[in-house]
Each structure stands twice: as C-alpha cells, then as structure tokens.
Amino acid sequence: MSDKHLRPRHRRAGRPPAGAKEGERVKDYPQLSVRVPVEMKARLNALSAVTGLAQWRIIVEAIDCFHNDLPPTDRELVDGLSQRLLRTAG
C-alpha cells in the first residue's frame, strides 16, 4: 500500500462556515450596530466567554426567547411583519 492511502484527508484552509444554517457563512450576514449600556456589553462578553458561543448567537437566542414569550397574537403579528420584510428585502 502506498502512503497516499494512509494519509488522512486534508481539510480546507480557514474556518469552516459557522452560520445558523448548514453551509452559511457569518460574514455574509447583514451587520447590525447597536448602542448598549457598558454593563450589557460586559455581560455579553462574559456570556460569550463562559458559554463559548459567539456574541451573535447569544443575541439571536435572546431575540428568540423574547419572541417566544410574547402573547400568541403579538407573535403572529411579528411573524407576519418579518415575513413581509424578508420578501421586500430579497
């Protein structure tokens, strides 16, 4: 047997895609800039360090939690509006 058959497959250089869905790249996501109190930025940094999650993932999970805590009628309104906004953005 030659050495070629014993070598592990080489991975591509760089980081693998780390988006929310398979194959998505975070760098392709729209950027968001917000101003928050110093305490909230410190908490976000700490949450990221302790959990090992990227800051954008923590923010997305927080938005999902907020959305899920809404009354069903408000949740339906948010879902309908966000779907309309997605259609006009694309």
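Me: How much of the protein chain do buried residues make up?
Reply: Buried residues make up 7% of the 90 residues, where buried means under 20% relative accessible area, exposed over 50% and partly exposed in between, with a 1.4 Å probe and protein chains only. This is a predicted model, in which local features need pLDDT of at least 70 and side-chain atom pairs count only at pLDDT 80 or more, while totals for chains, interfaces and linings use all residues. Residues are numbered from 1 along each chain as its sequence is written, and side-chain values use heavy atoms, leaving out hydrogens and water.

Me: What does the secondary structure come to?
Reply: The protein chain has three helices and zero strands, in the pattern α-α-α along the sequence. Helices (H or I, at least four residues) and strands (E, at least two) are DSSP runs, numbered from the N terminus.

Me: How many aromatic pairs are there?
Reply: The count comes to one aromatic pair. Tyr29 and Trp56 form that pair, which is edge-to-face, at 5.6 Å centre to centre and 85 degrees between the planes. Rings of Phe, Tyr and Trp (its six-membered ring) pair if their centres lie within 6.5 Å; planes under 30 degrees apart count as stacked, over 60 as edge-to-face and the rest as tilted.

Me: Where in the chain do Tyr29 and Trp56 lie?
Reply: Tyr29 is in the segment before helix 1 and Trp56 is in helix 2 (residues 55–69), so the pair links distant parts of the chain, 27 residues apart.

Me: Changing topic, which residues lie nearest the centre of the largest pocket?
Reply: Leu32, Trp56, Ile59, Val60 and Ile63 do, out of 32 lining residues. On a 1 Å grid over the protein atoms alone, a pocket is an open set of points where a 1.4 Å probe fits, with protein on both sides within 12 Å along at least five of seven lines; lining residues have an atom within 4 Å of a point.

Me: Which helix gives the largest share of that lining?
Reply: Helix 2 does, with nine residues. Helix 1, helix 2 and helix 3 (72–89) each supply at least two.

Me: And where is Asn45?
Reply: Asn45 is found in helix 1. Asn45 counts as partly exposed because its relative accessible area is 34%. Between Asn45 and Gln55 there are 7.3 Å in space, C-alpha to C-alpha, and the two are 10 residues apart in sequence.
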